Amino acid sequence: MRGGTYHHGDLRRVILDAAVEAISESGPAGWSLRELARRAGVSHAAPAHHFGDKAGLLTAVAARGYALFADALEAAGGDLYEVGLAYVRFAVDHRPYFEVIFSPGLYREDDPEVAAARDRASRVLTRGVRGVSADGEGDGDGERAGGRGADRTASIAAWSIVHGFAHLWLSGALPRDLGDDPVAAAGPVIRLLFAR
């Protein structure tokens with residue numbers, strides 16, 4: 001900020017960053033656009049001007065969040081175990097984004113940016129599952145595991161387990177003796193279920 005004004009193009013990012021900060025403190029629904037404008041040091045009309053309404057702003061947060069999520073899963077490679085660990089790591093390291101992307105009632109799910117990034121993240125998980133058949137052997141195209149229907153079921157199972165672990169960790173519901181490293185704690189669970 002210079003002389004009380006933002007450079008052209010920065011204001012949208014400033015508002016998005018303030019929204020992520022507000023979400024980390026109050027959750028995805030615990031703040032208003034007016035409060036957000038005050039937090040960001042912008043006019044009360046700026047968030048509405050750039051995003052329309054709160055759902056529009058949360059849609060932008062979801063689009064950014066899904067893109068970061070897809071990047072994290074892709075960086076893990078195609079191994080389902082590593083993808084599972086990346087999933088948990090993302091949930092913990094980027095909790096505000098994680099909470100928004102998995103609260104689809106708060107934003108516009110059909111937004112093209114959201115849909116593209118969500119589909120990219122889903123493809124990574126599906127690719128990892130396709131490489132593992134029901135008996136733990138790679139099948140390449142999912143035929144041994146029952147084809148596309150089995151791939152879909154296995155993808156949902158894998159997603160449910162890593163998402164459930166991440167959610168239980170974030171809510172503090174898991175046993176305290178698991179330690180303070182969520183990825184290390186998740187490792188044996190994911191390995192037991194998905195490692196080849």
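Here are some notes on this predicted model, going from the whole fold down to single pairs of residues.

1. **Ground rules.** Residues are counted from 1 along each chain as its sequence is written, and side-chain values use heavy atoms, with hydrogens and water left out. As this is a predicted model, local features need pLDDT of at least 70 and side-chain atom pairs count only at pLDDT 80 or more, while totals for chains, interfaces and linings use all residues.

2. Of the 196 residues, 40% are buried. Buried means under 20% relative accessible area, exposed means over 50%, and partly exposed is in between (1.4 Å probe, protein chains only). The accessible surface of the protein is about 10,500 Å², and carbon and sulfur atoms account for 52% of it; these areas come from the Shrake-Rupley method with a 1.4 Å probe, and for residues only the protein chains shown count as cover.

3. **Contacts along the chain.** Take the contacts (heavy atoms within 4.5 Å) between residues at least 6 apart in sequence: 66% of them join residues at least 24 apart.

4. **Helix H1.** This helix covers residues 10-26, which is 17 residues. From first C-alpha to last it reaches 24 Å, close to the 24 Å expected at 1.5 Å a residue (the expected span is 1.5 Å times one less than the number of residues). Its buried residues are Val14, Ile15, Leu16, Ala18, Ala19, Val20, Ala22 and Ile23. They pack against helix H2 (33-40), helix H3 (46-51), H4 and H6. Just after H1 comes glycine 27, with a positive phi of about 85°.

5. The structure has eight salt bridges, a salt bridge being a side-chain nitrogen of Lys or Arg within 4 Å of a carboxyl oxygen of Asp or Glu. One of them joins aspartate 17 and arginine 64, with the closest N and O atoms 3.0 Å apart. Aspartate 17 lies in helix H1 and arginine 64 in helix H4, so this pair ties together parts 47 residues apart in sequence. Buried or partly exposed, which is aspartate 17? With a relative accessible area of 32%, aspartate 17 is partly exposed, and arginine 64 is partly exposed too, at 23%. Salt bridges that share partners also join Arg13, Asp17 and Arg64 into one network.

6. Arginine 108 pairs with aspartate 53, the closest N and O atoms being 2.9 Å apart. That pair links the loop between H6 and H7 to the loop between H3 and H4, 55 residues apart. Arginine 120 pairs with aspartate 71 at 3.0 Å between the closest N and O atoms, linking helix H7 to helix H4 across 49 residues. Arginine 120 is partly exposed at 22%, and aspartate 71 is partly exposed at 39%.

7. **Aromatic pairs.** There are ten aromatic pairs. Rings of Phe, Tyr and Trp (its six-membered ring) pair if their centres lie within 6.5 Å; planes under 30 degrees apart count as stacked, over 60 as edge-to-face and the rest as tilted. Why is the pair of phenylalanine 69 and phenylalanine 102 edge-to-face? The ring centres are 6.0 Å apart and the planes are at 85°, so the pair gets that label. Phenylalanine 69 sits in helix H4 (residues 54-75), while phenylalanine 102 is in the loop between helix H6 (95-101) and helix H7 (112-130), 33 residues apart. Phenylalanine 69 is buried at 3%, whereas phenylalanine 102 is partly exposed at 23%.

8. Tyrosine 87 is in helix H5 (residues 80-93) and phenylalanine 98 in helix H6, eleven residues apart. Tyrosine 87 is buried at 3%, and phenylalanine 98 is buried at 4%. Tyr66, Phe69, Tyr87, Phe90, Phe98, Phe102 and Trp159 form one aromatic cluster.

9. **Charges over rings.** The charged end of lysine 54 sits over the ring of tryptophan 31, 4.4 Å from its centre. Arginine 191 does likewise with tyrosine 81, at 3.9 Å from the ring centre. The rule is that NZ of Lys or CZ of Arg is within 6 Å of the ring centre and within 35 degrees of the ring normal.

Note on methods: Helix = DSSP H or I, 4+ residues; strand = E, 2+ residues; numbered from the N terminus.
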